[in-house]
Amino acid sequence: MANPNLTDMTEEDAADLQFPKDCSSSVTEKIEHEVELDVSVIKDEIITSDPTCHICKSTLMEPYVRCAMCNNMELCPLCFSNGSEIGDHRNDHDYIIIKNEFPLIDGSDWTARQELEFLDVLQECGFGNWADMAKRMQGKSAEECRNHYLQHYINNQTLPGLPKIRETKTSLFGCEPIPYLYKMQDLEEPPRFAPNSLNCKLLAGYNPARSDFEINFDNHAELLISDLNYDEFDKKDNNYELGEALQVAIVQAYNNRLKERMRRRKIIRDHGLIAFRKTISWIQRYECTITRTLAERLLIFMQLLKGVEFDYFMEGLHRAGELKHYLSKLFEFRSSGLKHFHSVPMFQKLNKIRQENEKERKQYLNNPEYSWKSLAPGGAINFSNPISNAMSQRKAAPPLAIKGLPGYERLTPAEKELCSVTRIIPTNYLDFKQILITESKKSGSLKLAQARVLLKIDVNKTRKIYDFLTEKGYINKPNQ
């Protein structure tokens, strides 16, 4: 998301400003004509507060009277005309007429009363709602309200007491780059793809324009209150309280279902789970360290951790897996007789050459033209159609590299060879082993058919695991 410019930031900050009416810092006292006279002498004082009358406690509206001899003594015109007295105040004291019909800002035709009314209307209508503000400001258009606020409260702050907005590099040129390892907040625009496209279908029904899903979680929750009639029970009925309590319980149940929907939306948003391809590629990152099966099991903790915290948790496990891979390589080098790191490059180079030679040797042996079986009696091969001969022979899958995977350290050398040849993850093999051993202990023996029902994997892999466990004595075959 693009950073807001200086004008937008300034307008947003100014909209949050609060101007207390009774703050002395925002009061401008300006006396145009002051003449010292007797009791009948009137002094005009400029003030922007709205105090209360000390006699009748009513809110004072301009014009009202302030005692010139007492501190903070304001009276409404009615109490002043009645000659009311309170405390040390006497009705023969000098007084001042308070009124706000004067320009508060030099060069502006807005009076102090209009300035106060404008700020009140601004807080009620909200910043930027100039059309509604103009309807409540008599004689002022929407353009006049906008220009007056930006000119005297934002661009040229002439009134005392207004907080100054200092210009910084961030406010002038946008946000400075922060050297964080992890992104603290997702500020990217939501993905917007063309309708009915493949990428759009991979958004799980998410509509970026409305920031909502076409089919929400618990999509039929509204049916719970759709037929609810709030006037169904009469107050004179004996079951009125019970019926009202039942209706309240139904509404609470509906609110709980909405809370669960919003909770799931928040998890999806915090962890960026809208784009399906991005989520799959993120899980595939841990294929060689955490394994995808274990990573999918850990996704349940997303509801307990925030996005950055969960990424930190997964990256910690990923780093632990990388360290296991590194340690397994060190063990391999040590078992091969290496004692110094400078010998590793030469060992890896020779090992690569040996693997390439082994690969060429297997390809040479698999070629029917050089096979010794073709020279044996009755072993003639149809050389005229080598394609059919190649298709008749099924190519075996290469062994799986299981070093460093979770559970690798818990395997015996024979089990490691079995997992590599049958292409089974060590953690899955350990689960299969525990299931078969437990079932064998229950009944005293275990059949191959029972093992296939329990494991529900490829039948050839099941047979290899079953034969291996029976050979090692982990499970017993039934007596014939």
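These legends walk through close-up views of aromatic rings in a predicted model. Residues are numbered from 1 along each chain as its sequence is written, and side-chain values use heavy atoms, without hydrogens or water. Local features need pLDDT of at least 70 and side-chain atom pairs count only at pLDDT 80 or more, while totals for chains, interfaces and linings use all residues.

**View 1. Trp282 and Phe310 form a tilted pair.** The whole structure holds 13 aromatic pairs (ring centres of Phe, Tyr or Trp, with its six-membered ring, within 6.5 Å; planes under 30 degrees apart are stacked, over 60 edge-to-face, the rest tilted). Here the centres are 6.0 Å apart and the planes meet at 45 degrees, so the pair is tilted. Trp282 belongs to helix H10 (residues 276-284) and Phe310 to helix H12 (residues 307-335), so the pair links parts 28 residues apart in sequence (helices are DSSP runs of H or I, at least four residues, numbered from the N terminus). Phe310 is buried at 0% relative accessible area, and Trp282 is partly exposed at 21% (buried is under 20%, exposed over 50%, partly exposed in between; 1.4 Å probe, protein chains only).

View 2. Phe301 sits in the loop between helix H11 (292-298) and H12, and Phe313 in helix H12, so the pair ties together parts 12 residues apart in sequence. Phe301 is partly exposed at 37%; Phe313 is partly exposed at 32%.

**View 3. Lys416 sits over Tyr408.** The charged end of Lys416 is 4.3 Å from the ring centre (NZ of Lys or CZ of Arg within 6 Å of the centre and within 35 degrees of the ring normal).

Technical notes: Helix = DSSP H or I, 4+ residues; strand = E, 2+ residues; numbered from the N terminus.
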